[in-house]
Amino acid sequence: MHNAFRPAWWLNSPHLQTIYPAFLRRITPPDGVRRERLETPDGDFLDIDWIDNDDRPLVILLHGLAGSSRSGYLQGLQHSLLAADFASVALNFRGCSGEMNRLARCYHSGETEDIDFLYNTLRRRFPNRAMAAIGFSLGGNVLLKWLGEQGDKLELSAAIAVSVPLLLNECADKLDRGFSKLYRDYLLRELKQYMRIKLRHLQHIGQLEQADRILKLGDLSGIKSFWQYDDKVVAGLHGFKDAHDYYRRSSSRQFLKHIRVPTLVLQAKDDPFMTERVLPANAELSDQVQLEICAGGGHVGFVGGSLLRPEYWVEERIGEFLRRHLPSATAGQNTLGREA
């Protein structure tokens, strides 16, 4: 399904669409954010950030690579969800909340244990509460993979995934070419810094066995591509044979046909993190998956409107989809997607 989104005239390239909301959008954190720490079964923790609203429908939010609950696209969406009478809870993947986690274990595109743990924790607390889930980029891949793994076991009313690297190998190749190498280099710098901080933290808190797992990875300074990083770090810490094995097992496209929750997938043809080869054919989608492909929009961009009043179309489209599947939350719908 091809969507009618049109990029703003002043952001008329995939790179402007990608860079502007990521680095130039100024947004005030939503009022009333409450942090909670969940202790995980393996002796680690997850930090989640709540904007609760009594017993209103609850939306789980998953950020992308090198992001957090403080990422602009998540804070903007939390503003919009609150205005539309939804509660939300943003999961910070391990080590992304501002405090490093206790284990060498990190997060990656195929890691679905933590979203499953969060979902089951929330479902035990709120057995009758309507819930949905939204993921961006890496978080979208995690979400789609988890939905496919769980099949009909979930009590979710809706799910939405935005700018998803559906085939990880294709995306790693794309980031090695042209202007996209700038995104690759930025993300790799962030990931290497993440690993340096993690190593120092584990040594500081006396988790020397965990620190040794990172030391055994060797020198990461020479890594120049995601193929190299994922081969050495992700495979080395998470039990994959190599990057090929990680990409094969973790790419979410193969899970789309098993999804039983009403799910919207939003992709841009000009996404600089991937190519059109990642897009699935209709035969690969279950009848619960609605794929919308926009000609433009970049990566987690989709900015329309005017220079003085930009509109964040993804937030509008998310609101429409959620209201259709969670019809009890209808207030404030005209505010979705406006600049916060």
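Mentor: Let's start with Arg213, which is partly exposed, with a relative accessible area of 33% (buried means under 20%, exposed over 50% and partly exposed in between, using a 1.4 Å probe and protein chains only). Before going on: this is a predicted model, where local features need pLDDT of at least 70, side-chain atom pairs count only at pLDDT 80 or more, and totals for chains, interfaces and linings use all residues. Residues are numbered from 1 along each chain as its sequence is written, and side-chain values use heavy atoms, with hydrogens and water left out.

So where does Arg213 sit? You'll find Arg213 in helix α7, residues 208–215 (helices are DSSP runs of H or I with at least four residues, strands are runs of E with at least two, and both are numbered from the N terminus). Leaving aside residues up to four places away in sequence, Arg213 touches Ala104, Arg105, Gly236 and Leu237 (contact means heavy atoms within 4.5 Å). Leu266 is another story: 53 residues separate it from Arg213 in sequence, and the two C-alpha atoms are 37 Å apart in space.

Helix α8 covers residues 226–238 and packs against helix α9, residues 243–250, at an angle of about 85 degrees, with the axes 8 Å apart (axes are lines fitted to C-alpha atoms, for helices over the stretch in contact, and angles run from 0 to 180 degrees between N-to-C directions). That makes α8 roughly perpendicular to α9, a label used for angles of 65 to 115 degrees. On the α8 side the contact uses Phe226, Trp227, Asp230, Asp231, Val234 and Ala235, while α9 brings Ala243, His244, Tyr246 and Tyr247. Sorted by type, the residues of this contact are 7 nonpolar, 1 polar and 2 charged.

Two other helices are worth a visit. Helix α3 (residues 113–125) has 13 residues and reaches 18 Å from its first C-alpha to its last, close to the 18 Å expected at 1.5 Å a residue (the expected span is 1.5 Å times one less than the number of residues). Its buried residues include Ile115, Phe117, Leu118 and Tyr119, and what covers the buried residues of α3 includes β1, β2, β3, β4, β5 and α4. In helix α10 (residues 313–325), the end C-alpha atoms are 19 Å apart, which agrees with the 18 Å its 13 residues should span. Of those 13 residues, 10 are buried, so α10 is largely enclosed by the rest of the structure; among them are Trp313, Ile318, Phe321 and Leu322.

Val300 is in the loop between β8 (289–294) and β9 (303–305), and it has a positive phi of about 50 degrees although it is not a glycine. Phe302 is found in the loop between β8 and β9 too, with a positive phi near 60 degrees. Val300 counts as buried at 15% relative accessibility, and Phe302 counts as buried at 0%.

Last, the cysteines. The structure holds 0 disulfides (a disulfide is a pair of cysteine sulfur atoms within 2.5 Å). For Cys96, the closest cysteine sulfur is in Cys106, 8.9 Å away, too far for a bond. Cys294 is in no disulfide either, and its nearest cysteine sulfur, that of Cys171, is 17 Å away. Cys96 counts as buried at 9% relative accessibility, and Cys294 is buried at 0%.

Conventions:
Parallel < 35°, antiparallel > 145°, perpendicular 65-115°, else oblique. Nonpolar A, V, L, I, M, F, W, Y, C, P; charged D, E, K, R; others polar.
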